[in-house]
Amino acid sequence: MRSTRSISDRRLLALVVAVAVLLFPVPSHAYAGPGAGFAVLSSFWTLFVAFLYSMYALLTWPLRYLWRVIRGRNAYGKARFKRAVILGFDGMDPELADRFIGEGLLPNLAKLKSTGTFRKLRTTYPPISPVAWSTFMTGVNPGKHNIYDFLARDTSNYLPFLSSAEIKGPKRELKIGKYVIPLGKAQIKGMRKGTPFWHWLGEAGIFCSVIRVPVTFPPEKFSGVLLSGMCVPDLKGSQGTFCFCTTRASNDKFREGGVRVPIERNGKGYHSYVPGPDDPVAAGKEMRIDFAIHPDLVQKTAKIEVEDESFTLKVGDYSDWIPVKFKSSMGLSARGICRFYLKELEPELGVYVTPVNIDPGYPDLPISHPVTYSIYLSKLFGPYATLGLAEDTWALNEEVLDDNAFLAQAYGNHEDREKMLFDALEKTPKGLCACVFDTTDRVQHMFWRYLDDDHPAARNVPRDKRPQVIQELYKRVDALIGKVMRQIDDDTLLLIVSDHGFKSFQRCVNLNGWLYNNGYIALKEGVSESRDWFEDVDWSRTRAYTMGLNGLYLNIKGRERYGIVDEKDADALKEELKAKLDGLKDPASGSVGITGVFACDAVYAGPYIDNAPDLLVGYGDGFRASWDSVTGRVTSTIFEDNIKAWSGDHCIDPRLVPGVLFSNQKIADEKTAIVDVAPTILKLFGLRLPSHFDGKAWTLANASATAQATTSVAT
Amino acid sequence: MTQTFQTLPHTLATGLMFLNSPLALVIILSVIIGLLMVILFYYTSDQDAIAVAKDQLKAQLLAVRLFQDQLAVVVRAYGRIILGTGRYIKLAFKPLLIIIIPMTFMLVQLDWYLGYAPILQDQPFLVKVKTATSETVNDVSLQLPPELTISAPAVHVPSDNEVVWRVVANKQGAFDVNVATAGQTFAKKVVVSPEMNRISLSRMRAPYWERLFSSSEPALPDNSPIKAIDVNYPERSYQFAWMEWNWIVLFFVLSLVAGFIFKSVLGIEI
């Protein structure tokens, strides 16, 4: 009792003293220590810097405005709208959208269809995202922007390289024994040619916010802000390498996109590691981040400790984005972020780790313009996925993730993107706001199997048990569009576009197998099938080959290292292949597996046409290049079932997979193409169109539809 | 707790007395207390919320820079910076309230060592007695030990109820000066030394929280005719970085610097 009272007295005394200090300050005692000093100093500093920034912005604004007027840039003088909002939904399919509109699932798109515009949007040859989005932003065909696929081939060794960007080590290095010290930063070269239309807008003084449009890595300078999208690598420099840490003994390698790492027992707990990029100093040595796992079998949880972070996950839970710092042997480091997913706890322990993304708060490679834009978004919303292909389709394909885990990851990224979009809308009251969402593409790729009546990849799932993932996806997109429509006014042009549509991918076509069976590819003696990237191919007897999704190449003498086809015979060979492949039927069903073969010199025009494949193969509905053909493997079979989760696709005949165009404006043109978007935007902002554009600007039917479409939004 | 925060600086100061350099003591104490306060801040604050609040502030600062052509955006961002600063200060307030209590005790204790110097031998100093009533002023006498002598007649200020003596010490040491009135005697300690020492400026008849700032001696009785006995010890100043500093200002600067260094090393959000 006495003790309690004593404590209480002391508390009272302390309180009295504190109050006395505050009420009767003596000058020399007014200082309350570093804590107060920090708070006051930091707050004052923030306000001071903010004040300086704001004053600078406010005081120089009239000067900048005057400067623009003097230079003849009355930015919005001839603009039809003060703002254009372009929402890109990668892979949104017009037939599905129309079907769901008809079923009453998409009220906001239905409103746009009835009061504005709904069209099929002609895509590119081939209908692949990096190709189509490059055309979207540059207004030109691939012959002028140089992107024909995700991958291009090196004619000196028949190996692939990323078509959009080249990342090399620094120009200068210092070699000391076995160590190589980089003197400078990595060199990044964008391979996409042509000028995105927001550069023209920026030059005219029209501000642009561009978020995650594919093939914008490395980011180029212009007057606006841009966050790079598809083709941004992970910290390893790949397009996404996940890591599956497991106690299960297996020597199997994942076909693509992932590595298996053992979990080892360590006393009462376990430990494993996240593989990182190669050590820039010690050649061939991989940097790693160790982490510890402490399972709790009673609670069905595991505590994971990574560097300074510690968190507990239930089975089926993802962590937040965890910052990691890979340290090299000479003090250099690379910062990244990744998420951990507890896949299983017993009898075996399994932890999936996402590819290590470039940390947007501390980007080791530039992923935005200006560099501070990715930092700004990171400070505002917290860490977010920066990898180009952020939704880990490979992990679902390899059954490391299940459907729900994949969807949780994909929609997590989608929600982050939504926040960025609405911030960009707020920050761009005038000008261009363009944002591309990838979830539509990834979810359709992975869940089309549940939409088909009889997809080989879903035959083990009864029809009444199949989740309506794609319907939910379109509903979600529709809700987002409704939210955007509520935030825009009559003076805003809204365009909803996709780069291509979607079709089922039930059957694989081993085109290299067909070429082999028909004598165009020869293998080395004693071999009936090749390994990846044409190992075991006898180039001295090979006339044509395929790699990537749609391209078919002739082995031209003087161009390819071991070329044997004379330039003068190339056209005849192309005609021969076209004649044989066009209309190729699947013997199992009698369906046409290839509905068109196109000579690139007929569908492209421009200075980079020499980098294009010789032929483009357009697969039929339900077909696509096989997984083996894509990676340059020659097989003996030609057609086979696709039993992977990756069950929908668009890398087929471009005529079968147009994209969508919705708008709050009535567009008079009946035929619209993705190549028309850039000229249309420039025209609507009153700018002159560059003569090299291949697209044509659309004509608006009337302006009155705008108000109707934007003011009456379904919720 | 009060005892701890009174004892800790005393222990620190006496422990570091061997340095025989008040400046070195201020520097070392600044570093140690800077570290302690940062750690205390860590345990008493919502680190996650502070990190978020700071990130939000940084984001708005970047927004002003990134969207400087959009006047409305700049103005909105500035407004959010002001709101965000308020949020941040609110988050810092709780640890601040907690820190302010031990900090007050510690600074007061340290002030007795670092704020004032002891009297020097042969250096005149004043002993001031404040009486409870003006009638008592003429009835007060000062009784000194042999080492101290009065060097000038007492000055009586009845309007302020004060009597002041000028005194000189002819020897070093700690002595009691006794003030006698109405048959009672009240002692006050006087320290004569060239070295650093614990100084009590006054002996008072006052509540604890009032005595806390200037007296380390026991209170005078509540019914005492004497309200206070003061000794005017000289204030210390410190020569540092080509400037003359009050110790508390120097401590403020150095503990902040130390705190900023330690918070970075320890990864603490402030």
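**Domains, helices and strands**

Author: Chain A is divided into domain 1 (82-147 + 192-232 + 388-502 + 657-698), domain 2 (236-364) and domain 3 (505-654); such bounds come from an automatic or database domain assignment. This is a predicted model, in which local features need pLDDT of at least 70, side-chain atom pairs count only at pLDDT 80 or more, and totals for chains, interfaces and linings use all residues. Residues are numbered from 1 along each chain as its sequence is written, while chains are lettered from A and ligands numbered from 1 in the order in which they are written.

Reader: How many Å separate the C-alpha centres of domain 2 of chain A and domain 3 of chain A?

Author: Those two centres lie 38 Å apart.

Reader: How many helices and strands does chain A have?

Author: Helices (H or I, at least four residues) and strands (E, at least two) are DSSP runs, numbered from the N terminus. Chain A has 18 helices and 35 strands.

Reader: What span does helix α10 of chain A reach?

Author: The expected span of a helix is 1.5 Å times one less than its number of residues. Helix α10 (residues 403-427) of chain A has 25 residues and reaches 36 Å from its first C-alpha to its last, close to the 36 Å expected.

Reader: Which residues in α10(A) are buried?

Author: A residue is buried if 20 or more other C-beta atoms lie within 10 Å of its own, exposed if 12 or fewer, and partly exposed in between, with C-beta atoms placed from the backbone. In α10(A), the buried residues include A:F406, A:Q409, A:A410, A:N413 and A:R417. An α-helix has 3.6 residues a turn, so residues three or four places apart point the same way. Over chain A, buried residues make up 51% of the 715 residues.

Reader: Why is strand β34 of chain A described as largely enclosed?

Author: Strand β34 (residues 659-663) of chain A is largely enclosed by the rest of the structure because 5 of its 5 residues are buried. A:G659, A:L661 and A:S663 point one way from β34(A), whereas A:V660 and A:F662 point the other way.

Reader: Which strands are joined to β34(A) by bridges?

Author: Two strands pair if DSSP finds at least two bridges between them. Strand β2 (residues 117-122) of chain A runs antiparallel to β34(A), with 5 bridges joining them; here A:L121 has A:G659 as its bridge partner. Strand β25 (residues 492-497) of chain A is also antiparallel to β34(A), through 3 bridges, and A:I496 stands opposite A:F662.

Reader: Is A:R80 buried, exposed or partly exposed?

Author: A:R80 is found in the loop between α2 (34-70) and β1 (83-89) of chain A. A:R80 has 15 other C-beta atoms within 10 Å, so A:R80 is partly exposed. A:R80 and A:L495 are 415 residues apart in sequence and 14 Å apart in space, C-alpha to C-alpha.

Reader: How is chain B divided?

Author: Chain B has domain 1 (2-115 + 242-266) and domain 2 (125-231), and 38 Å separate their centres, taken over C-alpha atoms.

Reader: In what order do the strands of the open sheet in chain B lie?

Author: The 3 strands follow the order β2-β5-β6 (chain B), with antiparallel pairing. The edge strands, each pairing on one side only, are β2 (141-143) and β6 (184-192) of chain B. β2(B) and strand β5 (residues 173-181) of chain B pair over 3 bridges, and the bridge partner of B:Q143 in β5(B) is B:N178.
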